[in-house]
Amino acid sequence: MRQQVLTNNFMNKDRPPLLTSYSFDHETARKELASAIIMHEYPLSIVDHVGFRRYSNALQPLFKVPCRNTMKAEIFKIYEYQRGKTMSLVVSNASRLAITTDMWTSSNQKKGFMAVTAHFIDDSWTLQSRILRFIYVPCPHTKEVLCDQLLNCLMDWNIDRKISSITVDNCSTNDAMIDLLWDKLDSASFMLGGELFHMRCCAHILNLIVKDGLDVIKVGIEKIRDSVAYWTASQKREEKFEETVRQLNVTSTKKLGLDCATRWNSTFLMLQTALLYKDVFIRLSKRDAQYNSLPSEREWGFARDVCQKLKFFFKVTELFSGTKYPTTNQCFPNICEIRLELRDWLHSENQVIREMAKRMVEKFDKYWSVVHGVVGVSAVLDPRYKINVLEFYFKLLFPTSYTEEVDKVRALCYKLLKEYQCPNSMMEGIGDSSSQSSSIDEESLSKYDVYMLRESKRNVVTELCIISTLAGLIGVHVVTGVVGLIGLPVDLW
C-alpha cells in the first residue's frame, strides 16, 4: 500500500521534512523488529506485551506483530545470513588465523559458556576479529569436554588446518585441553612444528602476577574495603554518604564500588576512589556510631602507596585490552618495564611492598619464558623499535647474557620468514597468490625493485633484510605472510 507522507530523517533533525512516497513492507518491518531485539537484547516475550502491540498498531496499523516463535525463526535467519558472510570471509582469507577461547560463567544462571574468536589480517591489511561460537557447555568442564567443543567449532568452520596459535588462560585444564587438541589435529599443518601453537594470554598472566601481590597486602586494606562495603550496603547509607560529600565540597563525582575477588583492577579502582573520600569517611565516623571500621592514618598512607604502585599495572592492563588500536607491538616493552618496576620495588623501604614485589617477581619469572619470544618478534616488526628495543631492554634485564636473549628472538624471526618462503609449507596457497601478484607487480616496478624482490625471497640472513623487506613496497607479500603466520589476536602495526 502506497501513501503520501511527511518524513523526516530522525538521525538528522536539522533536515527539513520531505514529502515522499512511502510503501509499507511487512517483511522489512519484521526484520527490523528482529534486529532491534538482537541489538538491545529485548526478551522475545516483548511481542506478546499488550502495551507494545498497542504502540505498534498506533504507529502502523498494517503491521501485524508476530508471535515469539515467528520472531525466533526470524532471528535465526539473520544469524544464518551473518554466519554465512563471516564464514565466507574467514575461509576465503589466505592468511592463518589465531584463535582465542575462554570460558564465561553467567552471573544469574551460573551456567558456563565457551566463546571462540578468530583473528586474522585480511587482504586489505585490516585486522579482523570474528566470534565463531558462543555456546553453553554443560558441567563438568573437563579437558575432554572443552577439547571436543573447540574441535567441533574448528571443524565446522573448516579452519582446523589454518591455525597459527590458540591463546587461552593459564590454568591446568586449558594446558591439558591443548595437549588433547594437539593429538586430534593434523600436526603437519602446525606452524614451526607447533612451536607457537599454544599461547598464553598476557593480560591473564598480568592478572595472576598482581593477584599474588595483593594477597600479601589484603590485611592492610581490609578496613578500607569494610568501609566501602558499609557505605554501599543500603540506599539510605549511600544517600547519607553523598550528602556528606556535598557538605565537604568534594569535587569528585565517582561512586564507591566494592572490589571483586577475581579482578585485581577492581581493587585498584576501589582504593583510588576511597582515597578521594578520605575526609568524608572521617566525618561520617563521628556521626554514625555503627561505623567502626575507619582506617588509621597509617592504613590510609599504606593504601596510597599501594594505589600508586598498582597504577602502572592498571595502565598496562588497559593497553593490553585495547581493540581499536595496535597492541601486540606494545607488549614487549611494557612487560619489560613491569619487570624493571618490580626490581625497584624489591628495594622499597616498606617491608610489605618488598614482600609483595617478591611474590610478583616469582610469578613473573614463571611465565616470562613462555611469552617473550613472540612478543619480541612483534616489537621487531614495529618499524619504530626494530631489533634495538630488544638490545635496550635485555641489557637492563640480563646484563651478562643479553646477546643470547636477542639471538633467540632474531632466530625466531628468521624461522618464521623461512617457513613462509618454504614451498612445502602449509601456507603454499599464500605463496602461490603472492607469486602471481608479484609477477604482475613486476611490470610496474623498476629493474632494481625487481632485483631486490627476487633477492629477498632467496636469502633471509640479516636483520637489515628483515626490516627492509617488511618496511618496503617490495616486501608487502612477505609481510602479509609473516603476520599471517604469527596470526596474533592483535594488530602488529
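**Pocket, hairpin and cavity**

Helix 1 contributes eight residues to the lining of the second largest pocket, the most of any element. The model is a predicted one. Two or more lining residues of this pocket come from each of strand 2 (18-23), helix 1 (26-40) and helix 2 (50-59). The lining counts 21 residues in total, and those nearest the centre of the pocket are A29, E32, L33, Y55 and L59. Sorted by class, the lining of the second largest pocket holds 13 nonpolar, six polar and two charged residues. The space in this pocket comes to about 820 Å³.

Strand 4 (residues 112-121) pairs with strand 5 (residues 127-136) in the antiparallel sense, over nine bridges. Within this pairing, S129 of strand 5 stands opposite H119. Five residues lie between the strands of the hairpin, where W125 has a positive phi near 65 degrees.

Rolling a probe the size of a water molecule over the atoms shows where empty space is left. The structure has three cavities of 30 Å³ or more, and the largest cavity holds about 100 Å³ of space. Which residues lie nearest the centre of the largest cavity? They are C202, I205, I209, I335 and F364, from a lining of eleven residues. Helix 6 (202-217), helix 12 (328-345) and helix 13 (351-368) each give at least two residues to this lining. Helix 6 gives the most, with four residues. The lining of the largest cavity has eleven nonpolar residues and no polar or charged ones, whereas the lining of the second largest pocket includes six polar and two charged residues.

Key:
Residues are numbered from 1 along each chain as its sequence is written. This is a predicted model: local features need pLDDT of at least 70, side-chain atom pairs count only at pLDDT 80 or more; totals for chains, interfaces and linings use all residues. Side-chain values use heavy atoms; hydrogens and water are left out. On a 1 Å grid over the protein atoms alone, a cavity is a set of points where a 1.4 Å probe fits but cannot get out, and a pocket is an open set with protein on both sides within 12 Å along at least five of seven lines; lining residues have an atom within 4 Å of a point. Grid points are joined across faces, edges and corners, and a volume is the space filled by probe spheres set on the points. Ala, Val, Leu, Ile, Met, Phe, Trp, Tyr, Cys and Pro count as nonpolar, Asp, Glu, Lys and Arg as charged, and the others, Gly among them, as polar. Two strands pair if DSSP finds at least two bridges between them.
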